[in-house]
Each structure stands twice: as C-alpha cells, then as structure tokens.
Amino acid sequence: VAPIVEASLTFSSLTDHLRRLALLNDFALTVSSALDLDQVAQRVFALLRRAFSTEWISLILLSSDGNTLHHYFDRENMVTLHTLPVEEMPLLRLVQKGDVFRLDDLAAQAKYQAFYAGAQSVVLVPLKYRRQIIGALRLESPHPAAFTVYDEHLLVVIASYLASLVENGRLRQEAEARARNLSLIHDVVQQVMGSTDVKGIAQIAAELMARNFVYDLTVVALADEAGQIRVAGIGGSAAELVPRGRAELAPETQAGITSRVFVPGQRLLVTV
C-alpha cells in the first residue's frame with residue numbers, strides 16, 4: 001500500500017507544480033500587457049479568482065508620496081478602487097517587515113479585522129520593490145485553513161512580479177505627466193506672450209488645463225489688492241457650473257478649499 005500512497009502524493013505534488021507554472025505563465029502574458037494600474041488590478045483579480053477559488057481579493061498600493069492608499073477590492077466580480085489616507089487602513093503594518101501574514105482561523109485571532117464579511121482565513125503578501133514595501137496582496141476565504149504554505153510561495157512570486165509592474169507603470173505615468181506639463185507650459189507661454197491682461201491669461205490657462213488633462217472643470221483664482229480671492233478663469237465642459245454656483249451662494253466666502261491652499265501657499269489633494 002505504501003508505494004501506491006507515495007506515488008499518489010508524488011503525482012499530486014507534480015500536478016500542483018504544473019498548476020503553479022501555468023498560473024505564472026498566464027500572469028506574465030496577460031498582466032504585463034496591461035496599460036494602466038486599473039487594468040493590472042482587473043487582470044490580477046481574474047487570475048487569482050480562478051487559481052484560488054475565491055472572489056475575496058484585495059490589492060493595496062501605497063502612493064508615491066506615502067500619504068494615501070489605493071485600495072482595489074472585489075465587489076460582485078467587479079474591481080472597485082477606493083483611495084483613502086494611510087492612517088485609515090493600518091493593514092500594511094502586518095507585513096512591514098516583509099514577511100507573509102497568514103491566519104487559518106480568523107475567529108481565534110483578534111489582531112486582524114477581516115475585510116469581507118464571513119471570512120475564515122486570510123493570506124496577506126507584501127509587495128516589495130527595491131526592499132521597500134509599496135503595497136500588499138490580500139486573499140480571504142470563507143473556509144478555514146484555505147491557504148497553504150505552497151500558496152504563500154506562489155503568491156510571493158506573483159507579488160514580486162506585480163510590484164515591478166506597478167513601479168514601472170508609475171514611472172511611465174510620471175514621465176507622461178511631465179510631458180503633458182511641459183506641453184501645457186509651452187502652450188500657455190505661446191498664447192499669452194506679450195499680453196498684459198491678467199484675467200485673459202487666467203482664462204487661457206484654465207481652458208488649456210481642461211483640454212490637456214481632460215478635466216471637466218478647471219478654475220484659476222487670483223487674489224485682488226485687498227487679498228480677496230476671485231475667480232479669474234474657468235475651463236472645461238462643466239464651466240457653466242461655477243457662475244451659477246457663485247450666483248446662488250453670493251456673497252462670496254473666503255472659506256473652503258481655495259483659501260486652505262492660498263493662505264499657507266501649499267498644494268492640497270482632496271479625494272472623495
């Protein structure tokens with residue numbers, strides 16, 4: 001009986017090995033050709049759903065400045081993105097040393113809060129790029145002990161490749177953004193060269209920003225001699241909303257996001 005059992009185990013191990021190789025091959029072929037991070041997330045989720053028989057998947061990416069997290073998660077077989085401050089999701093602390101975090105029975109653990117209701121087990125794999133933690137890949141399951149040490153090894157390889165894709169994608173996006181910025185600056189300079197009409201320059205700048213960055217609304221606000229902030233230029237397909245809103249909310253208030261940027265002279269990114 002023993003030789004039969006041993007042969008069965010060997011065949012099972014070989015089957016698992018071939019399955020992992022097939023998954024890695026699919027991953028390299030399909031994910032590496034994605035055009036942006038959203039497409040990368042969608043393809044990664046599709047592959048992991050099939051390989052691990054779970055739809056409870058999350059991809060957490062740390063922003064370049066380290067202040068926000070981009071959280072991709074599965075909702076009814078649709079990948080959803082939620083951006084939030086780092087302090088609102090301390091999940092990366094569990095893998096800050098670069099080790100895999102795996103729990104077989106969430107009911108017996110208090111240090112981990114499941115993301116998907118009904119989750120019984122979890123594996124959390126860090127995304128590392130040049131020894132820096134830039135995110136994590138999380139899989140949860142409604143079954144206890146759903147993930148094995150072999151699953152960990154496979155996910156570590158996937159996470160390593162994914163981290164490289166993410167960083168290369170960011171570098172490409174940053175290069176494209178710099179090119180757009182240079183193009184915008186060139187267009188503004190060409191159109192306002194020699195002009196002394198401040199409001200005219202503000203209007204041209206707003207229209208060019210809306211066109212170059214495909215924004216629905218851009219507003220250029222200037223401070224007058226009394227220090228009051230006034231709208232000087234409006235661009236974008238939703239430009240008519242600003243005059244309408246100003247009429248309904250008159251007199252103008254100096255509170256709000258614009259003043260929070262103007263007074264300290266620092267940029268501000270607001271996500272909702």
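The protein contains six helices and eight strands, where helices (H or I, at least four residues) and strands (E, at least two) are DSSP runs numbered from the N terminus. The model is predicted: local features need pLDDT of at least 70, side-chain atom pairs count only at pLDDT 80 or more, and totals for chains, interfaces and linings use all residues. Residues are numbered from 1 along each chain as its sequence is written, and side-chain values use heavy atoms, with hydrogens and water left out.

From the N terminus on, the order of elements is α-α-β-β-β-β-β-β-α-α-β-β-α-α. Of the 272 residues of the protein, 34% count as buried; buried means under 20% relative accessible area, exposed over 50%, and partly exposed in between (1.4 Å probe, protein chains only). The accessible surface of the protein comes to about 16,900 Å², and 56% of this area belongs to carbon and sulfur atoms. Accessible areas come from the Shrake-Rupley method with a 1.4 Å probe; for residues, only the protein chains shown count as cover. Among contacts in the protein with a separation of 6 or more, 50% are accounted for by residues 24 or more positions apart, a contact being heavy atoms within 4.5 Å.

Six strands form an open sheet in the order S3-S2-S1-S6-S5-S4, with antiparallel pairing; two strands pair if DSSP finds at least two bridges between them. Its edge strands, each pairing on one side only, are S3 (78-85) and S4 (101-103). Neighbouring strands of this sheet are turned by 15° against each other on average, direction ignored; the axes are lines fitted to C-alpha atoms, for helices over the stretch in contact, and angles run from 0 to 180 degrees between N-to-C directions. Strand S5 (residues 121-129) is joined to S6 by nine bridges, and the two run antiparallel. The bridge partner of Leu127 in S6 is Gly135.

Ile134 also lies in strand S6 and is buried, with a relative accessible area of 9%. Not counting residues up to four places away in sequence, Ile134 touches Ile60, Leu61, Leu62, Leu127, Tyr129, Ala163, Val166 and Glu167. Glu167 is 33 residues from Ile134 in sequence, with a C-alpha to C-alpha distance of 8.7 Å.

Strands S7 (residues 218-223) and S8 (residues 229-235) run antiparallel and are joined by six bridges. Leu222 stands opposite Arg230 in S8. S7 and S8 form a hairpin with five residues between them, and Gly227 in the turn has a positive phi of about 85°.

Positive phi values also occur in residues other than glycine. Ser53, with phi near 55°, lies in the loop between helix H2 (37-52) and strand S1 (57-62) and is exposed at a relative accessible area of 68%. Ala145, with phi near 50°, is in the loop between strand S6 (132-141) and helix H3 (149-192); its relative accessibility of 47% counts as partly exposed.

Leu182, Ile185, Val189 and Met193 make a nonpolar surface patch of about 420 Å². Patches are made of residues with over 30% relative accessible area and no salt bridge, with like charges joined within 9 Å and nonpolar side chains (Val, Leu, Ile, Met, Phe, Trp, Tyr) within 5 Å; a salt bridge is a side-chain nitrogen of Lys or Arg within 4 Å of a carboxyl oxygen of Asp or Glu. Val189 is in helix H3 and counts as partly exposed at 40% relative accessibility.
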